[in-house]
Amino acid sequence: MERIRGYKYRAYPNKEQREFFAKTFGSCRFVYNHYLAKRKAKWEECHDTMSYNDTAKDLANNLKKEHAWLKETDSTALQQSLRHLDNAYNNFFAGTGGYPKFKRKRTDQSYRTTNTNNNIRIEDNAIRLPKAGKVKIVNTRSFEGRIISATVSRTSSGRYYISLQVEEEYEILPNKGGEIGLDAGLTALYTDSENNKIENPRTLSKHEKRIRRLQRELSRKKKGSKNREKARIRLAREHEKVANIRNDFQHKMTYRLANDNQVVCIEDLNVKEMMGNHRLARSISDASWSEFFRKLEYKMGDRGGILIKVPGTYPSSQRCSCCGRQERKVRDLSIRSWTCPECGAKHDRDVNAAVNILIKGLEMLAS
Ligand SMILES: [Zn+2]
């Protein structure tokens with residue numbers, strides 16, 4: 001079987017390459033924003049849109065002639081930028097995304113380029129990229145497969161990364177055949193139907209405390225000063241640390257779940273709806289559910305397992321997992337444990353919910 005997988009590497013471009021990257025980031029942003037404005041104006045004037053081909057033609061015939069400096073960058077990257085814009089519009093028209101937004105220098109420092117005639121390849125401890133040449137990387141992950149594209153990005157603390165999209169052959173690995181239900185947590189990341197509560201790593205809260213302190217420090221520094229820039233980088237580094245810790249932890253937990261189980265049942269949470277409830281918002285975004293499930297889904301796919309989404313409307317917390325009685329008063333989130341008046345079973349709120357999610361998921365699988 002074949003699959004597409006991402007491989008991300010820390011990169012150490014030299015001075016010339018850093019300049020080339022900065023120029024390419026800027027050009028891609030410029031092209032994106034230019035055609036976003038154009039498409040927006042066209043829509044407002046005559047309720048008509050421009051296709052990817054329209055914009056690509058205009059880029060080659062007009063914009064590049066007006067702005068010669070656009071020719072100094074990777075031309076594939078500019079086209080990819082138009083593809084991004086087109087995808088953003090498609091998502092908007094399909095109702096799966098908001099109206100495309102203008103890119104900003106602060107937050108949008110990346111470009112994507114595609115592999116043609118093997119012009120993107122790994123050479124020892126470097127990745128060869130069109131026009132940039134050999135960029136030094138830390139070669140932490142190897143693969144066998146065809147590179148489809150490369151995305152170069154710069155974080156706000158000034159670190160560089162190159163992500164390769166690779167098409168590779170793979171064999172389905174066996175799993176241990178377990179069946180488990182997960183209840184998405186507010187304080188814990190999740191509780192499973194076997195009575196385990198998986199907490200987020202402790203180090204996260206330590207770093208989050210530092211983030212709050214660094215934020216205060218930054219706000220006290222004078223605008224435009226060198227010290228402010230230093231404080232901004234310290235803060236950005238801390239944010240990146242938190243993101244890395246969370247990412248590693250998610251990989252570890254999803255790997256374990258996919259290895260041990262043939263069936264994993266989860267609740268299909270409408271995260272957006274829950275985010276509206278401010279009290280819950282922080283912990284939900286912290287647990288970063290959608291990213292967790294994305295990792296779980298592809299890892300389970302690799303091992304031939306099945307991930308079942310139980311509808312979010314299913315009353316998993318209120319139902320007694322022993323006798324099936326529905327106890328409405330348990331809707332109150334502050335009730336952490338309860339006893340079923342029907343059968344006398346004692347329940348931990350979250351474990352009971354996880355067991356119900358498993359029961360419902362297996363029912364769905366059988367029918
Ligand atoms: Zn009961």
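Biologist: In this predicted model, which residue is the bridge partner of Thr 191 in β10?

Modeller: Lys 197 is the bridge partner of Thr 191. Strand β9 (residues 190-192) and β10 run antiparallel and are joined by 2 bridges.

Biologist: What makes β9 and β10 a pair, given 2 bridges?

Modeller: Two strands pair if DSSP finds at least two bridges between them. β9 and β10 have 2 bridges, so they pair.

Biologist: Why are β10 (197-198) and β12 (306-311) said to stand at the edges?

Modeller: The open sheet has 5 strands in the order β10-β9-β8-β11-β12, with mixed pairing. β10 and β12 each have a single partner strand, so one side of each is left without a neighbour in the sheet.

Biologist: Which helices lie across this sheet's strands?

Modeller: α8 lies across β8 (178-184), β11 (261-268) and β12, and runs at about 140 degrees to β12. Helix α9 (residues 349-366) lies across β8, β9, β10, β11 and β12, at about 125 degrees to β8.

Biologist: Which residues make the contact between α5 and α8?

Modeller: On α5 they include Gln 250, Tyr 255 and Leu 257, and on α8 they include Phe 292, Leu 296 and Met 300.

Biologist: How do you know that β4 and β5 are paired strands?

Modeller: 4 bridges join β4 to β5, which run antiparallel. The criterion is at least two bridges, so β4 and β5 meet it. Arg 128 stands opposite Lys 134 in β5.

Biologist: What is the order of the strands in the open sheet of 7 strands?

Modeller: The order is β2-β6-β7-β1-β5-β4-β3, with antiparallel pairing. β2 (110-114) and β3 (121-123) are the edge strands, each pairing on one side only. From one strand to the next, the twist averages 35 degrees.

Biologist: Which element gives the most to the largest nonpolar core?

Modeller: That core has 29 residues, and Cys 28, Val 31 and Ile 162 are among those with the most contacts inside it. At least two residues each come from several elements, including α1 (15-46), α3 (75-93) and β6 (146-154). α1 gives the most, with 7 residues. Apart from this core lies another, of 22 residues, including Leu 257 and Phe 292.

Note on methods:
Residues numbered from 1 in each chain as written. Predicted model: local features only at pLDDT ≥ 70, side-chain atom pairs only at ≥ 80, totals over all residues. Core = buried A, V, L, I, M, F, W, Y, C linked by C-beta atoms within 7 Å. Buried ≥ 20, exposed ≤ 12 C-beta atoms within 10 Å, placed from the backbone. Axes fitted to C-alpha atoms, helices over the stretch in contact; angles between N-to-C directions. Contact = placed C-beta atoms within 7 Å.
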